[in-house]
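This short report is meant for a reader meeting the structure for the first time.

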Amino acid sequence: MKSSTKLFIASRHLRSRAFQTFSVVAVVAFSVGLAVALFLVSQGLQLGLVHAVEPFELIVGAKGSPYQLLLNTVFLQDAPIGNIGWEDYAELSDDVRVGSAVPLGFGDSYRGYPIIGTVSSLLDVRVRPSDPPWLRITQGRWFEEGRFEAVLGAQAAARSGLRLGDGFRTSHGIVAGDEHSEEYRVVGIAETVQGPWDRAIFVPLEILQSVHEHEHEGEHESESESEGEGKEVTTVLVHPASYADAYRLAVSYQNDSGKQLIFPAQTAIRLFALIGRGEAFLSIVVYAVEACALLTTLLVLYWSGAARSRERMLLRVLGLPFKTLVFISWLEGTIALSTGAFLGELLGRAGAHAAFSLLGEATAIQPTVPLTLQECLAPLVLLSVGSLSTLAVAWRDARNSEEPPR
Amino acid sequence: MGLSNPLLEIHGLRKEYMQPGGPVQALYLDFLEARAGDAIAVTGPSGSGKTTLLHLLAALVRPSQGSIRFDGRDLPAAAYSARWRALSVGYVFQEMNLLPDFSLLENLLIAAEISGVPRAFDRSLSLLCRLGIEDLRYRRPAKLSLGEQQRAAVARAVLHAPPLLLADEPTASLDAENAGIVMNLLLELAAESKSLLLVATHDEAVKKRFPRVVELTKNIEKTGQRGNLP
Ligand SMILES: Nc1ncnc2c1ncn2[C@@H]1O[C@H](COP(=O)(O)OP(=O)(O)OP(=O)(O)O)[C@@H](O)[C@H]1O
Ligand SMILES: [Mg+2]
C-alpha cells in the first residue's frame with residue numbers, strides 16, 4: 001500500500017473521531033506547554049539575573065540578610081536594608097585594597113521608579129576593564145553634583161511619563177511637604193543596561209541626603225541626631241584593587257557588627273539554589289502532568305482502537321498485511337501526539353514570552369530566551385514514550401483483530 | 001484449467017476450537033472438489049460450521065486436520081495469508097462490510113489498492129454503475145440502506161476478479177426483493193470472472209438458485225459431502 005494511502009486512512013480516522021483527537025491534542029499541548037514555559041522562564045530568568053549581577057563586583061551595606069542587600073542593590077526590589085554612615089564609605093574609598101567605591105542612596109521613588117542617589121564615578125563602572133562604561137548617557141547629560149538634577153534610566157524614561165527638561169518631586173519631598181523640597185529637573189537619559197537599573201532615576205547623592213536630613217529634622221525633632229555628619233549611604237559598590245584584595249576585604253568585614261560585604265555573583269547563585277528547590281518541586285509537578293497527559297492519550301487511543309476492531313478485521317480480510325495495520329494505528333496516535341507536542345511548544349514559548357514581558361515591566365530584568373532548544377526535551381520525551389506506547393497499543397489491537405469476523 | 005483439474009480440493013478437513021470444557025468441533029468436511037466457475041451453496045443448521053469453512057478457505061484460520069488445496073497448492077501459511085486474500089479471495093459478510101469512515105467509492109479504492117487492481121478508479125466506477133449505486137459513491141455506509149450496502153460489498157468483493165468468492169449469509173439481513181438483486185449480482189459477476197463461488201446460507205430460496213449444495217451437519221459421524229454434481 002502506498003504511503004499516501006496509509007496517511008489518508010490514518011488522517012480520516014483522526015477526523016472522524018474529532019473529539020478524541022482533540023482531547024489528545026489538547027491534553028498533550030497543555031502539558032508540553034507547561035513544561036516548555038516553565039523551563040524557558042526559569043532558564044531565561046536565571047540568565048537575566050546573571051546579566052543583571054554582572055556589573056557589581058562587591059557590595060558593602062548594613063548588616064542583615066545578604067539576599068536583601070542583593071535584591072535592594074542589584075534588583076532594586078524588596079524593602080530597603082538599613083543605611084551605613086558616610087564615614088564608612090569614606091573609610092572604604094581610602095582603603096588601599098579598594099580600586100574604586102561608588103556610594104548609593106536608596107529609599108526614595110517617583111511613581112514607583114526608584115530614585116538612586118549616587119555620584120559621577122558611577123559612570124566609570126565597567127563589567128570588564130576593556131568594556132565601555134556600563135552606564136552611558138544617550139540624551140542630555142549627567143547631573144551636576146549639588147543640584148536638583150536627575151538622569152532617567154531607559155525604562156524610567158520610556159514609561160514614567162517624564163521627559164528631558166521636566167521637573168518632578170519625589171515621594172519623600174511630597175511627604176515632607178515643606179519649603180525646602182525642590183523639584184528635580186530631568187537633564188539626561190541613560191542608555192539601556194538591559195537590567196533592573198533601567199527603572200532607576202539617578203540623582204546626586206548629596207541632594208538626596210539633604211532631602212532626607214530635612215525630613216528627619218521635620219519628623220523626629222525630639223530625637224537627637226547622630227553627632228557625626230549625619231549623612232548616610234545605603235550601599236557602596238566596590239571595585240577591589242585586585243582579586244586577592246577582594247578576599248582580604250571580605251575577611252575584614254566578616255566580624256564587623258554593623259556592616260556586611262557580599263559577592264553579588266555568589267549570593268545570586270545561592271539565591272538561585274534556593275529558588276531551584278522550588279523549581280525542582282515544580283518540575284515534579286510538570287512530570288506528573290506529562291504522565292497524566294500520556295495516560296489520557298493512551299486511554300483515548302485504547303478506546304478508539306477498541307471501537308475500531310470491526311474495521312481492522314475488514315481490512316485484514318481484504319488482505320492488508322498485519323504490519324501495515326499496526327503502522328496505520330501507530331501513525332494515527334503519533335500524528336495526534338506530535339500535533340499536540342508542536343502546539344505545546346508554541347504555547348510554551350508564547351507563555352514564556354508573556355511571563356517575560358510581565359516580569360520585564362515590573363523589574364526590568366531582561367530574560368533572554370535560550371536558543372539551546374533544551375526545552376524541546378519535554379515534548380521529545382513525551383513524543384517518543386507516547387509513540388512507543390502507541391505502537392504497543394496498535395500491535396495489541398491488530399493481534400486482537402486476528403479473531404475472524406462473522 | 002480442464003474439467004479434470006479441480007481448482008479446490010478438500011480432504012478430511014476438521015476444525016476444532018479449544019474451549020475450557022474441552023475441544024469443540026466447529027467443522028468436519030470429509031471431501032469437496034470444485035472447479036473454476038462453480039457456484040456452491042453451503043448449508044446446514046446453525047453451528048454446523050458454514051462460517052468456519054469460509055474462514056478456513058480465506059486462510060483466516062488454520063485447519064486442525066486435513067488439507068485444503070487450491071489450484072494444486074496447499075493454502076498459504078499464516079504469514080502469507082494476507083497476500084493470498086488480497087489476490088485470490090473476495091469476501092462478503094452478512095452486514096457491516098464497509099469501512100464506516102470512508103465513502104462507498106473510497107471503500108472500493110482502498111480494497112483495489114490492497115489487491116493491486118490496475119486502473120482501479122475506472123474499474124470501481126464501472127462496477128458501481130453496473131450495480132446501480134454510482135450516484136451513492138460519495139456517501140458513507142451509514143447513509144446507505146442495507147441493500148445498497150450489500151451491493152457495494154459485492155462490488156468490492158469482485159473488484160479484483162478473485163478466483164475464490166466467499167459470501168456468508170449475504171442476503172440474510174435483506175428483504176426478498178433486495179436479496180434477489182444481490183444474489184443475482186453475485187452469481188452473474190462470479191460467472192463473469194470465472195470465480196469459484198461459495199455462499200453460506202440458511203435460506204431455501206437462495207439454496208434453490210444453486211446447482212450444487214454442500215450440506216454440513218453438526219454430527220461428526222454423519223458429516224460428509226452431500227452435494228452432488230449437477
Ligand atoms: N472462535 C471460536 N471459538 C470457539 N468456538 C467457535 C469459534 N468459532 C466457531 N466456534 C464454534 O464452532 C461451531 C461452528 O460455528 P460456525 O460459526 O462455523 O457455524 P455456522 O454454521 O456458521 O452457524 P450459523 O448458521 O449460526 O452462522 C459453533 O459451535 C461455534 O460455537
Ligand atoms: Mg455462520
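## Domains of chain A

In this predicted model, chain A is divided into domain 1, which covers 3–50 + 272–402, and domain 2, which covers 58–270. Where the two domains of chain A meet, 11 residues of domain 1 are in contact with 13 residues of domain 2, and the two domains bury about 950 Å² between them, with 53% of that area on carbon and sulfur atoms.

## Helices 11 and 12 of chain A

Two packed helices are described by the angle between their axes and the distance between the axes. In chain A, the axes of helix 11 (residues 322–363) and helix 12 (residues 377–400) come within 8 Å and cross at roughly 155°, which means that helix 11 of chain A is roughly antiparallel to helix 12 of chain A.

Helix 11 of chain A passes helix 12 of chain A in a right-handed crossing. Among the residues that make the contact are Phe322(A), Trp330(A), Gly333(A) and Glu345(A) from helix 11 of chain A, and Pro379(A), Gly386(A), Trp395(A) and Arg399(A) from helix 12 of chain A. The residues of this contact between helix 11 and helix 12 of chain A divide into 12 nonpolar, 7 polar and 2 charged.

## The interface between chains A and B

The size of an interface is often given as the accessible area lost when the parts come together. Chain B and chain A bury about 2,200 Å² between them, 64% of it on carbon and sulfur atoms, and 26 residues of chain B are in contact with 22 residues of chain A. Within chain B, the residues that lose the most area to chain A are Asp101(B), Glu113(B) and Ile114(B), which together account for 25% of what that side buries.

Note on methods
Residues are numbered from 1 along each chain as its sequence is written. Chains are lettered from A and ligands numbered from 1 in the order in which they are written. This is a predicted model: local features need pLDDT of at least 70, side-chain atom pairs count only at pLDDT 80 or more; totals for chains, interfaces and linings use all residues. Side-chain values use heavy atoms; hydrogens and water are left out. Axes are lines fitted to C-alpha atoms, for helices over the stretch in contact, and angles run from 0 to 180 degrees between N-to-C directions. Helices (H or I, at least four residues) and strands (E, at least two) are DSSP runs, numbered from the N terminus. Angles under 35 degrees count as roughly parallel, over 145 as roughly antiparallel, 65 to 115 as roughly perpendicular and the rest as oblique. A crossing is left-handed if the near helix is turned anticlockwise from the far one by less than a right angle, and right-handed if clockwise. Contact means heavy atoms within 4.5 Å. Ala, Val, Leu, Ile, Met, Phe, Trp, Tyr, Cys and Pro count as nonpolar, Asp, Glu, Lys and Arg as charged, and the others, Gly among them, as polar. Domain bounds come from an automatic or database domain assignment. Buried area is the accessible area (1.4 Å probe) that two parts lose on being put together, summed over both.
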